Amino acid sequence: MDLAAQFDLTAWCLVLPDDEGGCDVIWRFWLPEAAVPLLDRLNQGRVSEWAQDGWIILCDGEVIEYEDV
């Protein structure tokens, strides 16, 4: 788990062994909704696309409420 600052992602990763000797990885990312306009300008609008595609979970407001995580 990587807990975010105000305009940063919170990331969570779970690594599980699989039946073939490898592993499966599950990722989740959270971002304050207020950070999207700035990050979109810096990343050619990709942050909004990632949120629409379900790769990033947007949290209401300017900070991530850790209860949401």
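1. Strands, as the word is used in this note, are DSSP runs of at least two residues, numbered from the N terminus. In this predicted model, Gly61 falls in the segment that follows strand S3, which spans 57-59.

2. Gly61 has a relative accessible area of 36%, and it is therefore classed as partly exposed, since that class lies between the buried limit of under 20% and the exposed limit of over 50%. When residues up to four places away in sequence are not counted, Gly61 touches Pro32, Glu33 and Ala34. Arg41 stands 20 residues from Gly61 along the chain, and the C-alpha atoms of these two residues are separated by 19 Å.

3. Thr10 belongs to strand S1, which covers residues 10-17. Its relative accessibility is 0%, so Thr10 counts as buried. Once its neighbours within four places in sequence are left aside, Thr10 is in contact with Met1, Asp2, Leu3 and Ala4, with Arg28, Phe29 and Trp30, and also with Ile64, Tyr66 and Val69.

4. Gln44 is placed in the loop that runs between helix H1 (36-42) and helix H2 (46-52). A reader who inspects the backbone there will find that phi of Gln44 is near 55 degrees, which is a positive value in a residue other than glycine. The relative accessible area of Gln44 is 57%, and because exposed means over 50%, this residue is classed as exposed.

Notes
Residues are numbered from 1 along each chain as its sequence is written. This is a predicted model: local features need pLDDT of at least 70, side-chain atom pairs count only at pLDDT 80 or more; totals for chains, interfaces and linings use all residues. Side-chain values use heavy atoms; hydrogens and water are left out. Helices (H or I, at least four residues) and strands (E, at least two) are DSSP runs, numbered from the N terminus. Buried means under 20% relative accessible area, exposed over 50%, partly exposed in between (1.4 Å probe, protein chains only). Contact means heavy atoms within 4.5 Å.
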